[in-house]
Amino acid sequence: MKRLILTSTSLAFVLSSLYAFDDFNGWKVSGDIRTGWVTYDYNNPPIGIDNNGNIIPSDPNINKGHTDSKGWYIVPKLSLTTPTYKNFYAKASVAGATDFGINDEKYESRNFVFDPGERKSFAILQEGYVAYKSKEHKLLVGREEIETPMIDADDYYMQADSFEVAYYQNHSFKNSTILFGYFSKMAGVWDSGANGTKFESMSKASFIDKDDKEHIGDKGIAFASYDFNDEHHHLQIWNYYGFDMYNTFYLQYDYLGTMKTLNFDIGIKWINFKEVGYLATDKANTDIDYSIYEARFDGNFKNGFNFATGIAKFSNGPGQSATLGAWGGYYYFANGMVFHFFDAGSLQNATNYKAQIGYDFKYLINKNISMYYRYTYFDLDPTYSKTKNDLAQDKKILNGLRIVYGKGLGWYFNGTYEYAKLDNEPNIYALRLIGGYRF
């Protein structure tokens, strides 16, 4: 497997330099050679691996038993797109990940590149679809790195999520897009609740209770959306129905405007999660019934400075740990840069705030470099948020710094550092240094 990934990486570099093959009679070769170093320090080093291959933390009660993790990886992806014939075309992408045996397995429980249980190199058919596309219609069936608010490719980490999906998209009405379809399976180690190195059903890849997954079996998600977008107004309405799991309703409105040298975006959002089918019965272990109410004010000035602010209020209902971040959905206004939601005991009845400032250096040195600092504050409800030792948690504070170079094709880099302080837990931090070459 490692030899296969190394061969595909070398081949991708060769193909990227052969301009004649980039568009040869309509056939297109593209790809991404990505590499990175990641570190997650929970003040909880691993002390070994048991007979079942599980990594043993030094203290299972510290930071939910998360262990310090670190490692270097290379993630190649190579894609081939066919010529378009009578509006039909197809695409196939092969991707994988390897560390060439360099990393220490004890430090790979939280890196989210390999499957945490197997911790070994892999390769998969990341994409493979047939599509029809005209000015007003698009129909696609197969595996795709699709982007939607609550089920998403989430491709800013080491490897994108991919989904087995069928959908129809319509652009017949001015400024409007109508979309509906069905997700059956997904792959993606960072966002899957199953073995993300292979395609598993959406129910198996969910974050709901393990026993509930066994009772439900292999189920998918039907979805529909309406999107209106003109110069000043952007309205998004989405509904995802996870059979025997839960329904997610997503409503967002943004007003985009200009005030002298400032371009700004004022947005509001409501997301509702509600158990359905088997999860709605007394037999299920997972309870899901809550909403998130969000608002933001973002802007960028013509001199290169920009800012982003956000607030999110969680209603007093259960299910946050079973839904937040599932299937790659991170479209929230008040996130952290790395840790997001997962280290607090609970976000039930919590409120979180975000303030970010950034600068785009292209206005100063004509380079595609940006830098951002973000502060995120979680006002937790100690009635629900507790450590594994049952100590109450009132707050969580995140400080993050990010440097970004490159967009689109060519060389790119994303460096992110975040430091977290959580009541009654040792402080934690993460460092991600990820870069590569797209062609």
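**Cavities, pockets and loops in a predicted model**

Good morning. I begin with the largest cavity, which is lined by 15 residues, with Val113, Phe122, Gln159, Gly188 and Val189 lying nearest its centre. This is a predicted model, in which local features need pLDDT of at least 70, side-chain atom pairs count only at pLDDT 80 or more, and totals for chains, interfaces and linings use all residues. Residues are numbered from 1 along each chain as its sequence is written, and side-chain values use heavy atoms, with hydrogens and water left out.

A cavity, on a 1 Å grid over the protein atoms alone, is a set of points where a 1.4 Å probe fits but cannot get out; a pocket is an open set with protein on both sides within 12 Å along at least five of seven lines; and lining residues have an atom within 4 Å of a point. Grid points are joined across faces, edges and corners, and a volume is the space filled by probe spheres set on the points.

The volume of the largest cavity is about 90 Å³. Its lining comprises 10 nonpolar, five polar and no charged residues; here Ala, Val, Leu, Ile, Met, Phe, Trp, Tyr, Cys and Pro count as nonpolar, Asp, Glu, Lys and Arg as charged, and the others, Gly among them, as polar. Strand 6 gives the most to this lining, with three residues. Helices (H or I, at least four residues) and strands (E, at least two) are DSSP runs, numbered from the N terminus.

The second largest cavity holds about 80 Å³. Among the residues lining the second largest cavity are Asp32, Arg34, Lys77, Glu145 and Asp155. By class, this lining has five nonpolar, two polar and five charged residues. Strand 4 gives the most to it, with three residues.

The largest pocket contains about 1,400 Å³ of space. It is lined by 49 residues, of which Arg110, Ser192, Gly193, Phe207 and Ser321 are the closest to its centre. Helix 2 (210-216) and helix 3 (320-323) each supply at least two residues of that lining, which divides into 20 nonpolar, 16 polar and 13 charged residues.

For the second largest pocket the volume is about 1,200 Å³. Of its 37 lining residues, the closest to the centre are Asp154, Tyr156, Arg374, Arg402 and Asn414. The strands that each supply at least two lining residues include strand 20 and strand 21.

The loop between those two strands deserves attention. Asp423 lies in this loop, between strand 20 and strand 21. Is Asp423 buried or exposed? Asp423 counts as buried because its relative accessibility is 17%, where buried means under 20% relative accessible area, exposed over 50% and partly exposed in between (1.4 Å probe, protein chains only). Its side chain reaches the backbone nitrogen of Lys395 at 3.0 Å. Leaving aside neighbours within four places in sequence, Asp423 is in contact (heavy atoms within 4.5 Å) with Thr387, Ala392, Gln393, Asp394 and Lys395.

Most residues other than glycine have a negative phi. Asn424 is partly exposed, at 47% relative accessibility.

Phe100, also not a glycine, has a positive phi of about 55 degrees. Phe100 is placed in the loop between strand 5 (88-97) and strand 6 (122-133), and is partly exposed, with a relative accessible area of 33%. Thank you.

Conventions: Polar contact = N/O pair within 3.5 Å; in protein donor to acceptor, adjacent residues only side chain to side chain.
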